[in-house]
Every structure is written in structure tokens, then in C-alpha cells.
Amino acid sequence: MRIRTHALAAATAATVVAATAALTLAPPATAAAPTPTTSDFNADGYTDLAVGVPDATVGGRSRAGYVNVVWGGPKGLGTLGSTRVSQASTGVPGTPEAGDRFGAAVAVADVDGDGVADLVIGAPGEDVTGSGKDAGTVAVLRGAKGGLGTTGNTAGRTVANGPAASAAYGKSVTAADLTGDGKTDVVIGATDKVVLAPGGGSRSTVVSAPMGGRAPVLTTGDFDNDGTADLALAYWTVNQPYTQSHVRLWRSEPSEPGLVNFWNTDNAGVSALASGDFDGDGHDDLALGECREIADENIDDPCGPEEYAKGGGIHIHYGDAAGGANFGTRSQTLNQDTVGVYGRAEDGDRFGASLAVLDWNGDGRDDLIAGAPGEAIGTRAGAGAATLLLSRAGGLVDQYGEAVSVAYNQGSPGIPGAAEAGDAFGTAVATGDYDHDGTPDAAIGAPGENANRGGVWLLPALKSKGSYAVTPVSLGLPSSSTALSYGKTLSSH
């Protein structure tokens with residue numbers, strides 16, 4: 001049994017006007033497809049994409065933030081338009097205030113168990129009465145047939161408020177049934193803390209430790225092979241007050257309150273985590289994106305051979321039938337110097353800074369998309385790239401240490417636009433069957449495009465031919481002449 005969710009946390013910059021109570025929360029009507037997809041917020045059978053824009057101005061309040069839901073449809077993502085959701089929208093908890101950063105983190109899960117995907121949204125800058133400034137909050141906006149729910153029992157609700165000033169609940173979020181009770185639990189990344197908000201029961205702290213001011217990296221998967229989702233989290237800091245770095249796995253045990261830590265790899269700092277079955281053995285594996293050794297703690301190569309860390313390495317820990325006791329015994333490492341991987345490993349490429357999982361060719365083994373937003377294209381520094389890494393029977397690397405990949409950038413034939421310095425193509429990546437043709441597509445964010453207005457590039461079936469971009473201009477977002485950094489935070493699956 002394999003259980004996965006994917007989540008990202010990031011900041012964007014934008015200036016927009018508020019969504020109003022009259023905001024239309026559904027795209028034009030289309031014929032419903034017979035089978036709903038996981039990230040289908042309006043139950044029409046097409047996967048949708050959530051784009052967080054936390055630094056947007058809403059109602060004149062700077063950095064109040066919003067989430068832009070781009071609707072999937074028979075002709076692909078964005079062809080039916082999009083919807084902006086903010087705390088000014090009907091049914092969304094709270095009100096837009098300067099610095100709330102609503103949309104700093106976005107995750108997708110069926111939180112209420114009605115079979116329709118819901119949006120989990122973090123606002124780490126929310127001021128909470130009784131807690132203080134920047135206590136933070138996390139809300140769930142329910143999906144509903146015909147559009148996002150806004151009234152009655154489909155209205156949004158608050159999952160958790162930060163308990164104290166600067167707690168910054170909502171820096172990162174993910175969700176899955178981690179306790180095995182059939183209810184979806186929400187995991188909240190905060191300042192120096194990760195918190196579990198169970199679908200039933202009281203909140204508990206998963207871990208509390210210095211995290212260097214960064215959002216903890218979160219994902220879920222069944223890493224101990226017991227049929228219930230586990231939590232993977234990563235954090236690191238340098239001299240704040242000391243240097244530490246960890247990737248840790250946590251699971252539920254009936255005899256213990258909260259979650260229990262059952263596996264660690266220390267001294268590994270990562271920018272992204274993703275779970276998938278990369279070798280097709282039926283057991284979840286964990287990919288560590290942009291993995292690098294943070295400090296010398298007498299731990300040998302926590303991210304694989306040291307030479308693979310240059311430019312950003314991806315380190316994969318494989319699961320097997322033995323479950324938690326044997327997780328990660330087998331591992332693989334690759335970077336852009338691996339035979340078969342596009343490009344050349346160079347400092348600053350940030351290969352693996354974003355990750356997304358899909359089974360592109362339907363062979364029963366998961367493949368991996370890796371963003372490299374710092375990649376230079378020719379002489380254009382930081383233009384960015386993304387790479388599809390195809391799995392084989394042994395995983396993402398074969399017995400000869402070689403990989404198979406397909407590369408994408410704005411200089412690739414068929415991909416619109418031009419690779420320009422600072423575009424940061426690949427800052428965020430997401431996947432979903434946006435046109436419901438049975439083959440997964442890719443969404444690749446380039447927040448530096450057009451003087452940081454940003455955009456998202458859509459690759460139907462991961463092909464350059466027929467690819468297109470959705471931008472603030474094409475989606476009709478307000479104040480699109482300003483730096484929106486659109487595409488820095490993406491979530492769908």
C-alpha cells in the first residue's frame with residue numbers, strides 16, 4: 001500500500017487587488033469526467049493547480065497574500081481560467097492584513113473525507129488575537145462540486161493558530177492520514193517547530209529544534225510498510241545557536257501520543273523531499289533534493305558520494321519489505337555529472353531544489369522531475385532548467401551508475417519564451433493530468449520571468465511540443481506589471 005502527498009512552501013512577491021464577495025469560485029461549466037482526480041477542487045474530473053502568491057497586496061494591504069487556483073480542463077490547465085482566493089473571499093477564515101502572507105504554503109488533501117480535494121493554506125504572518133504578531137494560521141478551504149466551497153458546511157475553517165508571537169504557523173504544510181484512524185491529519189511547519197493537527201484529537205508537537213529561520217521541509221509516504229502514512233521532515237541550521245542538519249521519519253504508534261521518530265540521517269541539509277516507488281517494488285522510497293553535507297559530525301557522506309553534491313545532488317533512500325527496520329539500507333545518488341543526466345554540475349545550479357513525482361510512462365515505477373533554478377543556459381546565469389529522470393528496475397540509476405533523462409528549459413525547441421538571466425525556471429515543479437487524457441503533465445514555475453512577474457510553463461505529457469505558459473497577463477490577474485514572482489509556489493498531484 002503506497003500513500004503519498006507532496007507539499008511546497010515558498011514566498012512570492014506581488015501586487016494585486018482584493019478578491020471580493022462576488023468573486024466567481026468556479027470556471028465555466030464543462031462536461032464532467034467519470035473519474036475524479038486527486039487535485040480536482042471542483043469535482044469536474046480534471047486536475048487543478050494551486051499557486052501561492054503570499055506577498056501579493058490585497059485590498060491595499062501589502063503582503064496579505066492569496067492563492068490562485070488554475071483550473072484544468074479538456075484543453076489543459078488554464079484554458080478555463082483561474083480563481084483568486086484570499087482572506088477577502090467569502091467563506092475563507094480571517095481578513096486580509098498587511099504581512100499575513102496567506103498562501104506562503106499550499107498543500108492538497110481530502111481533509112473532510114468527501115472525495116473532493118481541499119486546499120490547505122498557510123499564512124505564517126497572521127496576527128492572532130491572544131497570541132500576538134506573526135503567530136500564524138493554517139486554514140482549509142474545501143473543494144466542492146462546481147467550485148471551491150464558500151458557504152454553509154462547505155465553507156473554509158481554521159485548522160490551527162500559532163500559540164505565541166512569531167510562532168509563524170503555516171511556513172510549510174502537508175496532510176495525510178498519519179494516525180490510521182481514517183481521518184486526514186494536517187502537519188504544520190512553524191518557527192523552529194513541526195506540529196501535528198490530527199483529524200481527531202489534540203494537537204501535538206512532532207519536533208522542536210533550531211531550524212535556521214527556514215521552513216521545515218515536509219512530505220509523507222509509507223516508509224515503514226505498515227499501510228499507514230508516515231511523515232518525512234528535514235531542517236538545518238548553521239551556528240543558530242549551533243550547526244545541525246537532519247532528515248527524519250516519524251510514524252504513529254498506538255501506545256504513544258503523537259508521532260514517534262523511527263529513522264534519521266543526520267548532517268544532511270536538503271531543499272526538497274519527495275516520496276515515490278522509484279524501483280517498482282511496491283514500497284515507498286524517499287528522494288532528498290539538493291542534498292548537501294552541512295557540518296562534519298563524523299558521519300560519512302549522508303548525501304552519498306561527496307563529488308555528487310556539486311551543483312546539487314539527489315540522494316534516494318529505498319524502502320523494502322522489511323519496513324522501518326531496513327529503510328534506507330539501499331541508496332543511490334546522482335547529479336548533473338551522472339552519465340545520462342542533462343547538463344554539467346556547476347556551483348549554484350541548485351539541481352533538485354524542487355521535486356515532483358509521477359509515473360510518466362505507466363510502467364508502474366515512479367519517475368522524478370527535478371528543478372534546477374540556478375542553471376545557466378549558455379551565458380544566461382540563473383535562467384533555470386528542469387529534468388525528467390526516468391526510473392528503471394533498479395531505481396533512478398542503473399547498475400552501471402547511469403541515468404536516463406529528458407531536459408527542459410526556455411531554450412529547448414518547442415518551449416515558448418527565451419532563456420534569460422534570472423528567470424529561475426524550475427524553482428517549483430508539480431504534476432497532474434490536467435487535461436484528463438491518462439498521461440501526467442508537468443507544471444514548471446519561473447518566478448523570475450518578465451522582471452519577476454513570473455509564470456508557469458505547462459508541458460502536456462511532458463513534451464516540449466505543444467507546451468505553453470500561463471502568466472499573470474494571460475490569466476487576467478490585476479497589477480500584472482509589478483513583480484508577482486508568480487510560479488514560486490505550486491501544488492497539485
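Ala442 stands opposite Leu459 in strand S30, where strands (DSSP runs of E, at least two residues, numbered from the N terminus) are taken to pair if DSSP finds at least two bridges between them. Strand S29 (residues 441-445) and strand S30 (residues 456-459) pair in the antiparallel sense over four bridges. This is a predicted model, in which local features need pLDDT of at least 70 and side-chain atom pairs count only at pLDDT 80 or more, while totals for chains, interfaces and linings use all residues. Residues are numbered from 1 along each chain as its sequence is written, and side-chain values use heavy atoms, with hydrogens and water left out.

**The sheet**
- Four strands form an open, antiparallel sheet in the order S28-S29-S30-S31.
- Its edge strands, each pairing on one side only, are S28 (428-432) and S31 (468-470).

**Val357**
- Val357 is found in strand S24 (residues 354-358) and counts as buried because its relative accessibility is 6%, buried meaning under 20% relative accessible area with a 1.4 Å probe and protein chains only.
- Although 74 residues separate Val357 from Thr431 in sequence, the two are 7.2 Å apart in space, C-alpha to C-alpha.

**The chain as a whole**
- The protein chain holds one helix (a DSSP run of H or I, at least four residues) and 32 strands.
- Along its principal axes, the C-alpha trace of the protein chain spans about 60 × 55 × 45 Å.
- Buried residues make up 59% of the 493 residues in the protein chain.
- Of the contacts (heavy atoms within 4.5 Å) with a separation of 6 or more in the protein chain, 57% are between residues 24 or more positions apart.

Methods: Buried < 20%, exposed > 50% of the residue type's maximum accessible area, 1.4 Å probe, protein only.
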